[in-house]
Amino acid sequence: MHGARARGNVVTFDLYPYIYPSTRLVALIPEWAHDGGTQRLRERMQDADERARMAQDPEFARRDYRAARVTNFHLPEHKRFEGMSVAEIGEAMGKPPVDVLCDLLLAENLDLASVRISGNPVTIREFFRDA
C-alpha cells in the first residue's frame with residue numbers, strides 16, 4: 001500500500017475497526033441450504049439427508065468450529081451454552097457441528113448469533129494511521 005501511494009496511486013480501503021465481529025449463526029449453514037427462503041431452510045435443517053449433505057459441503061467441513069462463540073440464546077435450557085463454541089456445545093451435547101447448528105437454530109427460531117476474535121488491536125491502530 002505504501003509503495004503504491006509513493007508511486008502516486010490513490011489507495012483506499014474499508015476498515016472494520018472492531019476485533020469482535022459477529023453475525024447470525026445461521027450464516028454458518030451452507031448457502032445452497034438457504035435457497036427457497038426460510039421455510040425451505042427449516043425443512044432442510046430437519047431432514048437427516050440434507051444435514052448429511054451440509055456436513056459434506058466443503059465450506060462447512062473446513063470451518064473451525066472452535067473459533068466462534070455462540071450467543072443470544074432465549075430458551076432457558078440453552079442458556080448454559082452462552083459463550084461456548086459450536087465445538088464445545090457439540091462435546092456437551094454429544095453431537096457433530098451440523099446437528100448442533102441445526103438443532104439449536106431450529107429450537108431458537110434461527111435467532112442465534114456468533115462472535116469471534118478477528119484482528120489485532122495494534123494492527124487496527126496501524127490501519128487508522130494509514131487510512
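This briefing covers the sheet, the aromatic contacts and the salt bridges of the structure above. The model is predicted, so local features need pLDDT of at least 70 and side-chain atom pairs count only at pLDDT 80 or more, while totals for chains, interfaces and linings use all residues. Residues are numbered from 1 along each chain as its sequence is written, and side-chain values use heavy atoms, with hydrogens and water left out.

**Sheet**

- An open sheet is formed by three strands in the order β1-β3-β2, with antiparallel pairing.
- Strands (E, at least two residues) and helices (H or I, at least four) are DSSP runs numbered from the N terminus, and two strands pair if DSSP finds at least two bridges between them.
- At the edges are β1 (22-24) and β2 (68-71), each of which pairs on one side only.
- Strand β3 (residues 113-116) runs antiparallel to β2, and four bridges join the two.
- Threonine 71 has alanine 113 in β3 as its bridge partner.

**Aromatic contacts**

- There are two aromatic pairs in the structure.
- Rings of Phe, Tyr and Trp (its six-membered ring) pair if their centres lie within 6.5 Å; planes under 30 degrees apart count as stacked, over 60 as edge-to-face and the rest as tilted.
- The ring centres of phenylalanine 60 and tyrosine 65 are 5.3 Å apart and the planes are at 45 degrees, so this pair is tilted.
- The pair of phenylalanine 73 and phenylalanine 81 is also tilted, at 6.2 Å centre to centre and 55 degrees between the planes.
- Phenylalanine 60 and tyrosine 65 are both buried, as are phenylalanine 73 and phenylalanine 81.
- Buried means under 20% relative accessible area, exposed over 50%, and partly exposed in between (1.4 Å probe, protein chains only).

**Salt bridges**

- The structure holds eight salt bridges, each being a side-chain nitrogen of Lys or Arg within 4 Å of a carboxyl oxygen of Asp or Glu.
- One of them joins arginine 40 and glutamate 43 at 3.3 Å, N to O.
- These two residues are about one helical turn apart because arginine 40 and glutamate 43 are three residues apart in helix α2 (residues 38-46).
- Another links aspartate 103 and arginine 51 at 2.6 Å, N to O.
- Aspartate 103 is in helix α6 (residues 97-107) and arginine 51 in helix α3 (residues 48-56), so the pair ties together parts that are 52 residues apart in sequence.
- Aspartate 103 is partly exposed at 23% relative accessibility, whereas arginine 51 is buried at 12%.
- A salt bridge also connects arginine 63 and glutamate 59 (2.9 Å, N to O).
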